[in-house]
Amino acid sequence: SPAAGLDLFEGDILLPKNQNGLRDPTRRWTFPIPYILADNLGLNAKGAILYAFEMFRLKSCVDFKPYEGEETYIIFQEFNGCWSMVGDQQTGQNLSIGRGCDYKAIVEHEILHALGFYHEQSRSDRDEYVNIWWDEIISGYGHNFNTYNDSIITDLNNPYDYESLMHYAPFSFNKNENVPTITAKIPAFDDIIGQRLDFSTIDLERLNRMYNCTATHTLLDQCTFENLNICGMIQGTRDDADWTHERGDSPGQEDHTLVGQCKEAGYFMHFNTSSGKTEEAALLESRILYPKRKQQCLQFYYKMTGSPLDRLIVWVKRDDSTGNVRKLVKIDTFQGDNDYGWKIGHVTLREEVKFCYLFQGTRGDPQNSNGGIFLDDITLTETPCPRGVWMVRNFSQVLQSTAKGDMLLSPRFYSSEGYGYGVTLYPHGRNSTSLSGYVGLTFQLYSGENDAILEWPVENRQAIMTIVDNDPDVIQRMSSSMVFTTSKDHTSSAINNSNIWDRPSIVGTYEKSCDCYRSISFGWSTIISHKQLQKRSFVKDDTLVIFVDFEDITHLKKTEVPVTRARRSSSGLILQSHELRTSQEDSRTVTSEEDQPGSLDARPQRHKRSVENTGPLEDHNWPQYFRDPCEPNPCQNEGICVNVKGMASCRCASGHAFFYTGERCQAMQVHGSILGMMIGGAAGTIVLSTAFIYMLSKRMPSQADF
Ligand SMILES: [Zn+2]
């Protein structure tokens, strides 16, 4: 319980027993953490970083703010690879989101390092749980498999977590492509170690204990209706009927939380619409909630098995400006239909002061109803609702009836700006993948009603595709999210080297199912394995849920701000930083260590230790299911991407009149412009082609570095 965590944290001696992180309390951050997004980061990386921040805000008390001259901060930059220092260095520190690291889960992993966490396999007891195959590790990289003793980190009282976001994958830093460097002692966990979906339950437990979190920033309310008090919700008093708290025991009556997995559990709220009179209603009202932001998303699962005329209506009750929450506003209505399965509902609220939300069930036609309205797994977060929500029903049947390369198109969704878009699901991956047993997912534009007035091609928009883990607890959800940003570099020879994000009616192909035009799609041949889909709640009620958003992030092009204070070099600045922290709160003994006269002398020593033991931790070789370096193809202008030891290497296209060069084939050179050199005949041509081949071979080793 949160209270127990709090008690343990009061004494700083107890604290280290409950986490697997850095012991040194001076390396802990105060929130919000100031950050700078350097402009050498790609636009997509910036978007991914902000997305990861939102995950921390949803699931923990960790928070971030733009840098404004603070003493300590994190500057996110693009260096080689993905790496971070461990803990707050109190000097302003780098965190690298290198090329290919621009994913939600990787950014989360690096930030966890910055917050004070080591890799899971660095625990002193790891040899009880995993085997390290030292001979298979690339020479010079062995230090990544070091363990740390109890004076640096501690793992007491926490089980070894194979599912941790901080655990390496089997093929990390391996010499031979198919030979692992780390395997689990319980082989079943070989499929789990190195997961890069999201924080594990234990990752969050450690994080929240280390930082004494008692609440998150953006989670307002959630309810699975498993307890009798139904999360403090109350029945309306002026309505005609009541919702009932029921347990799903018979087939077709299962709840959504547990979908009938457990006996004696699996509750939901139910409103019977097969009796009573037409238009009779029942209200279910939440307790009073206090928003911090100006926008909320109410998410819930519902099922309507009665008449298509039945209605589920969402209301809010606002403060009437006298302090009483009583002003009712109707927000959205959900109508019954012939689909009797569980559906996910989203309603955007824009509440700025205290409010309640209400569910009203209405009997549409009791004479022709054999069922009712079911409600379960409500979540209210202060985050935007997804714009595109696609439920793929009977997913087990879909898997059985399709083969590699087969695809399903989502319906068309509209972005907040009015662009039509959707996703393509490949239940067994795209034809281009050599892997089997994986799902692929790509993004495409659809022509739409606003196209004539929109800007084309549509660049600098971030597409976020999420395969949703339907765990009833939003904090425990480990959804698989992939992000990319549309760019002027995304061209295709199939459309005469036009940008694939140009107007679909011009560069797309006609699609019968939507009676619209569909662009070339862009994304991942493999995104998640079938095994992984079965492990968590990705396929619940035999339904796969996919969210897809498409938002303008042009405003992130210029985000870097200059560092206004010198990085700490004098003792004066140290004192200043200390004042800053004590004034905020924090009278824990741990901080007072810095108060002692002479603490300034101690600092170089501590700093030295941090250099020896807590230098930047590197991460690369992400599991293949997560990321093929050639997916999405980083090579421009139809360059062919080759996976060279896990790194992307571009083989550029060349034509009669021109050829492409550069790491990503981004630069076009016209033979004509060098043709002058060729006057004189064959000898010149030979020189030119030799130079081209030389460029290709020279590029290879440098590619292998990132
Ligand atoms: Zn790491």
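User: In which loop does Asn 460 lie?

Analyst: The model is a predicted one. In it, Asn 460 belongs to the loop between β23 and β24.

User: Why does Asn 460 count as buried?

Analyst: The relative accessibility of Asn 460 is 15%. Buried means under 20%, so Asn 460 counts as buried.

User: What makes the phi of Asn 460 worth noting?

Analyst: Asn 460 has a positive phi, about 60 degrees, although it is not a glycine. Most residues other than glycine have a negative phi.

User: Where is Asn 496, and is it buried or exposed?

Analyst: Asn 496 is located in the loop between β26 (491-492) and β27 (498-499). Its phi is also positive, about 60 degrees. The relative accessible area of Asn 496 is 71%; exposed means over 50%, and therefore Asn 496 is exposed.

User: What kind of peptide bond joins Trp 456 and Pro 457?

Analyst: The bond between Trp 456 and Pro 457 is cis, with omega about -10 degrees. Pro 457 is in the loop between β23 (438-446) and β24. A cis peptide bond also joins Phe 31 and Pro 32, where omega is about 0 degrees. Pro 32 has its place in the loop between α1 (2-10) and β1 (33-37). Most peptide bonds are trans.

User: How do you know whether Thr 466 is buried or exposed?

Analyst: Thr 466, found in strand β24 (residues 461-467), has a relative accessibility of 7%. The limit for buried is under 20%, so Thr 466 counts as buried.

User: Which residues touch the most other members of the largest nonpolar core?

Analyst: They are Phe 76, Leu 115, Phe 443 and Ile 467, in a core of 82 residues. Helix α2 (residues 43-59) gives the most to this core, with nine residues. Apart from this core lies another, of 29 residues, among them Leu 220 and Phe 355. In soluble globular proteins, nonpolar side chains tend to be buried together.

Conventions: Residues numbered from 1 in each chain as written. Predicted model: local features only at pLDDT ≥ 70, side-chain atom pairs only at ≥ 80, totals over all residues. Heavy atoms only, no water. Helix = DSSP H or I, 4+ residues; strand = E, 2+ residues; numbered from the N terminus. Buried < 20%, exposed > 50% of the residue type's maximum accessible area, 1.4 Å probe, protein only. Core = buried A, V, L, I, M, F, W, Y, C linked by side-chain atoms within 4.5 Å.
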